[in-house]
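Take a moment to look at the model as a whole.

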Amino acid sequence: MSDIICAEDIVFEYPVLDEDGNEIGKNRVLDGVSLSVPEGQFVAVLGHNGSGKSTLAKHFNGILLPTEGRVTIDGTDTTDEDKIYDIRQTVGMVFQNPDNQIVATIVEEDVAFALENIGVPPDEIRRRVDEALKTVDMYDYREHSPHQLSGGQKQRVAIAGIIAMRPRCIVMDEPTAMLDPKGRKEIMNTIKLLNREHGITVVLITHYMEEAAQADRVVVIDKGKILLDDIPQRIFAQVELLKSVGLDVPQTTELLYELRKAGIDAPDDILSEDDCADYIYSLLTKDGKL
Amino acid sequence: MLKDITIGQFFPGNSIIHRLDSRFKIILDIAYVVMLFVTSNFYGLALAGLFMILVYILSGVGLKLIFKSLRPILPLIAITCILNLFFIKGEGEPLVQWGFISIYYEGVSTSIFMAVRIMFLIIGMSLLTYTTSPIALTDAIERLLSPLKKLHFPVHELAMMMTIALRFIPTLIEETDKIMSAQKARGAELDTGGLIKKAKALVPVMIPLFVSAFKRANELALAMECRCYRGGEGRTRLKQLKSGARDYIALLIVAVMFVGLILLNNFIPSFMP
């Protein structure tokens, strides 16, 4: 499959100013990041605060342009100003705070916003809005006002507003960070649905390990550089390295890691809670302790 | 307490008033306001009031709302009344003479007239927002003002700003409540003291509110850019405004009323000074 996002050796820095507005140095947020995402993949980008993961995400639809290196979206360079709206239609972006992404006072009007901007005819807008709302399971709320909705519902409306554009890729910048556990689950289910059923490429920026564990591929970023890039099982096997850059590991991995430290020969590639429970059960019954 | 404000609120419904084209509703509302100012006697005012109550009943939003919408402007009405009561001098003997205060018959009638006029004005204008969704309202304003585009007046931007303002009112009210609670928890006294002390106590509420509003504005702008927003050029709309027979009938009714009021003005002599 072809790469939908291709970042080649990108550097992003901004000048640091003193109180009089003189440049006293440069802050390098991204330091030579190369990343390509094949169409249809579900990639999670992990990193602690200030690692540059959000900055990287903003490069994927031309909100930020790299200081050095280049980003191409489906072969188009993001610095190409004539094609910027094509790029933004191809790569949609969902942000952390659902309240700050909803423009209109009625759910369906908000979902229609992007389509209105692109200049889609009204009948087609209607069709696509209904379709998008049904996909995120918010169709029954189409005439509600956003402030009547829960956080998870609002975030689903924000996602509907993006998928109405029919993007081939969605970049989500910590979409669950402000939600309660129920809302987080709703969003994760929606993300997986979009990826598995609709074939949309998903780049999920997150600091929740449990969410990253559900992706096809995990990229760990630290100090503006890619530290690890692999399938989740192999990423989370490196417990010590992750902890050294201020990241946690999923609870299952943590448990097995502690068991290994205690001298039990536990595997390091188990991620799901069910698998972990099965393993613990087999371990306990094998020793005849149960 | 902040949640009790009903001015500018929308009550969804499916009445004939709700279904009127929002452009017509704005024009008719303006006509109604002009009527209130043209009429110079109580008969005209009574006719306007009767008409308004009829429209309220038709809209099905409930007559209770009339009183609710008046509550925030009661002080304004009171001030108008008092000023008119004391400062209008009539020709006959004063009704009350007490020191330097004298109240004349004309003062009493004018202050009542003014109070009723302001009340009808607010009640009538509230009905517009009660029965018209903010989106339809801003859409209508955008369309009605669109001739001004030729004079490079930023009509679309104005409408967009209104939409966003309306969208964020509940969010910011909620946030204000939260900040007030947070500051109270830290020992801020927001409800005690005189007016000046109260105003000063609001500073620690306003500053975080402003900071957060700017942050929100920044994020919203980003999200709008991500959704290909580039101004009003080449934009389409999900909901098209459509005018039909009922809109023209409403226009006709209001026009007839207008003529009626002018006739009332001419045949019954004005008492206004």
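Two strands count as paired if DSSP finds at least two bridges between them. Keep that cut-off in mind, and remember that this model is predicted.

Start with strands S7 and S8 of chain A. S7 covers residues 169–173, and S8 covers residues 201–206. Five bridges join them, and the two strands run parallel. Pick out one facing pair: Cys169(A) stands opposite Thr201(A) in S8(A).

Step back to the whole sheet. Six strands of chain A form an open sheet in the order S6-S7-S8-S3-S9-S10. The pairing is mixed. Which strands stand at the edges? They are S6 (91–94) and S10 (225–230) of chain A. Each has a single partner strand, so one side of each is left without a neighbour in the sheet. Neighbouring strands of this sheet are turned against each other by 20 degrees on average, direction ignored.

Next, turn to chain B. In this model, 27 residues of chain B are in contact with 34 residues of chain A. Three helices of chain B, H7 (134–145), H8 (155–185) and H10 (203–226), each supply at least two residues of the side that touches chain A. Which helix gives the most to that side? H10(B) does, with eight residues. By type, the residues on this side of chain B divide into 13 nonpolar, six polar and eight charged.

Note on methods:
Residues are numbered from 1 along each chain as its sequence is written. Chains are lettered from A and ligands numbered from 1 in the order in which they are written. This is a predicted model: local features need pLDDT of at least 70, side-chain atom pairs count only at pLDDT 80 or more; totals for chains, interfaces and linings use all residues. Helices (H or I, at least four residues) and strands (E, at least two) are DSSP runs, numbered from the N terminus. Axes are lines fitted to C-alpha atoms, for helices over the stretch in contact, and angles run from 0 to 180 degrees between N-to-C directions. Two residues are in contact if their C-beta atoms, placed from the backbone, lie within 7 Å. Ala, Val, Leu, Ile, Met, Phe, Trp, Tyr, Cys and Pro count as nonpolar, Asp, Glu, Lys and Arg as charged, and the others, Gly among them, as polar.
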